[in-house]
Amino acid sequence: MYEGPRQVNVERVPDALIERPTDVLVRITTTNICGSDLHMYEGRTDFETGRVLGHENLGEVVEVGSAVDHVRVGDVVCIPFNISCGFCANCEKGLTAYCLTTNPEPGMAGAAYGFAAMGPYDGGQAELLRVPYGDVNCLVLPDDAKEKQNDYVMLADIWPTGWHATRLAQVEAGDSVVIYGAGPVGLMAAYSAVLRSASKVMVVDRHPDRLAKAEEIGAIAIDDSRMPPVDQVMELTKGLGADRGCECVGYQAHDPQGHEHPNMTLNDLVRSVKFTGTIGVVGVFVPSDPGSPNDLYKQGEIAFDYGMFWFKGQTMANGQCNVKGYNRALMTLIHEGKARPSWVVSHELDLDDAPRGYEHFDRRDLGWTKVVLHPGK
Ligand code: NAD
Ligand code: ZN
């Protein structure tokens with residue numbers, strides 16, 4: 001439960017319940033801490049205290065509403081972070097991250113579990129989770145679900161999101177790809193680029209443990225604390241720049257409060273991707289909200305060299321991942337033994353230990369790459 005900036009506690013809360021006939025109730029067995037949780041955790045959003053976090057969830061169905069046809073009690077399901085209805089104009093087109101009905105805020109699109117500005121839904125870092133429109137929002141997993149739960153849980157968000165980054169960047173076989181960020185999302189983008197037959201995958205960060213993970217899958221690690229990353233990419237691409245680029249960091253990269261990375265990923269991408277190259281941005285950038293006490297650094301107003309971007313004739317695409325568009329295909333790769341996204345996991349903790357997981361993951365302490373929580377472990 002979120003209690004305020006850098007404060008989460010494990011508290012006893014009322015059990016989640018079936019509230020509508022289309023709901024499914026899931027007993028959570030696996031739930032991840034995500035870099036996106038840190039937007040709330042670090043107090044950059046107006047997320048209310050007393051709310052439960054957690055949008056990367058997997059568990060066993062324990063109850064279904066009277067209007068649920070497909071999902072059954074006993075099914076093990078992975079739950080995409082996007083809560084979508086399946087019947088609005090955006091869902092019909094597969095743009096389930098931009099569902100027009102599940103976010104009750106006027107003018108908003110898209111909803112998620114345990115997330116600021118994404119509707120009132122509780123998260124799954126808990127024992128029970130209510131899943132609205134259960135037939136739409138549960139991916140029923142195959143019979144190896146329990147033994148591969150740390151793989152399948154990555155289908156809730158970070159693997160489809162990493163895959164989405166490479167799709168937005170139009171990665172094709174033989175391409176060279178530069179990825180900014182070796183957090184879990186960047187690592188999954190690198191993994192996706194490798195699976196999509198990129199010829200060279202370069203991953204930029206400065207945390208040696210995260211860069212080492214990238215090397216584990218055959219990517220080239222670029223330590224930006226050693227030398228400007230653009231220079232390193234240029235050296236590796238004979239001065240041409242990478243064919244494709246992925247942004248997997250987000251606005252917190254240049255957070256003057258954290259000042260971990262004062263350089264700007266968008267500019268670095270434009271500079272390290274070739275003329276006419278393509279860039280996919282999945283790192284989160286949030287709109288400015290001048291009235292908000294949290295808008296300390298005009299979050300949405302990014303000083304980005306549009307002129308250089310234009311001059312190089314590049315294309316950029318961005319946004320949240322429409323998880324449902326990818327997760328069934330990626331599930332099949334796991335089931336058939338062609339992919340094992342759990343290689344990104346560094347720690348498996350009991351739910352009671354979640355505050356410790358947040359603390360280390362937030363500080364990016366050495367070795368804390370991806371934390372998986374197992375309620376009732
Ligand atoms: P993370 O914070 O663990 O990882 C970010 C990494 O970027 C860190 O390792 C950090 O050292 C590195 N970094 C910071 N500044 C950098 C810079 N200037 N250049 C290169 N690397 C830099 O988070 P994560 O879980 O990997 O998530 C990354 C981003 O993706 C977050 O913004 C998250 O909210 C977002 N995200 C988006 C979606 C989506 O649907 N689009 C889904 C999930 C997560
Ligand atoms: Zn996430």
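Me: Let's start with the second largest pocket: how many residues line it, and which lie nearest its centre?

Reply: Happy to begin there, keeping in mind that this is a predicted model. As a general idea, rolling a probe the size of a water molecule over the atoms shows where empty space is left. In this case 32 residues line the second largest pocket, and Val13, Val52, Ala126, Glu127 and Leu128 lie nearest its centre. The space in this pocket comes to about 690 Å³.

Me: Which secondary structure elements each supply at least two residues of that lining?

Reply: Two to look for are β6 and α12 (354-363), each of which supplies at least two lining residues.

Me: And how does the lining of the second largest pocket divide by class?

Reply: There are 19 nonpolar, 4 polar and 9 charged residues in the lining.

Me: Now the metal. Which residues coordinate the zinc ion (ligand 2), and at what distances?

Reply: Look for the donor atoms around the ion. Here Cys34 gives SG, His55 gives NE2, Glu56 gives OE and Asp157 gives OD, at 2.0 to 2.2 Å from the zinc ion (ligand 2). Along the sequence, the spacing of these donor residues is C-x20-H-E-x100-D.

Me: What is the geometry of that site?

Reply: Start from the ideal: four tetrahedral donors would have angles of 109.5 degrees at a metal. The 4 donor atoms of the zinc ion (ligand 2) have angles of 90 to 131 degrees among them, and the site is tetrahedral. That label follows because four donors count as tetrahedral if all angles lie between 85 and 135 degrees.

Me: Is His55 buried or exposed?

Reply: Buried means under 20% relative accessible area. His55 has a relative accessible area of 1%, so His55 is buried.

Me: Let's turn to aromatic residues. How many aromatic pairs does the count come to?

Reply: The idea is to look at the distance between ring centres and the angle between ring planes. The count comes to 8 aromatic pairs. One of them joins Trp159 and Trp163, with 6.2 Å centre to centre and 85 degrees between the planes, an edge-to-face arrangement.

Me: Where in the fold do Trp159 and Trp163 lie?

Reply: Both belong to helix α5 (residues 158-168), where they are 4 residues apart, about one turn of the helix. Trp159 is buried, with 0% relative accessibility, and Trp163 is also buried, with a relative accessible area of 14%. Together with Tyr191 and Trp343, these two tryptophans form one aromatic cluster.

Me: Which strand holds Thr276, and what is its phi?

Reply: Thr276 lies in strand β12 (residues 273-281). Its phi is near 70 degrees, a positive value in a residue other than glycine. Thr276 is exposed, with a relative accessible area of 55%.

Note on methods. Residues are numbered from 1 along each chain as its sequence is written. Chains are lettered from A and ligands numbered from 1 in the order in which they are written. This is a predicted model: local features need pLDDT of at least 70, side-chain atom pairs count only at pLDDT 80 or more; totals for chains, interfaces and linings use all residues. Side-chain values use heavy atoms; hydrogens and water are left out. Donors are N, O and S atoms within 2.8 Å of the metal (3.2 Å for Na, K and Ca); water is not among the atoms, so sites may look incomplete. Four donors count as tetrahedral if all angles lie between 85 and 135 degrees; four count as square planar and six as octahedral if opposite donors are over 155 degrees apart and all others between 65 and 115; anything else is irregular. Buried means under 20% relative accessible area, exposed over 50%, partly exposed in between (1.4 Å probe, protein chains only). Rings of Phe, Tyr and Trp (its six-membered ring) pair if their centres lie within 6.5 Å; planes under 30 degrees apart count as stacked, over 60 as edge-to-face and the rest as tilted. On a 1 Å grid over the protein atoms alone, a cavity is a set of points where a 1.4 Å probe fits but cannot get out, and a pocket is an open set with protein on both sides within 12 Å along at least five of seven lines; lining residues have an atom within 4 Å of a point. Grid points are joined across faces, edges and corners, and a volume is the space filled by probe spheres set on the points. Ala, Val, Leu, Ile, Met, Phe, Trp, Tyr, Cys and Pro count as nonpolar, Asp, Glu, Lys and Arg as charged, and the others, Gly among them, as polar.
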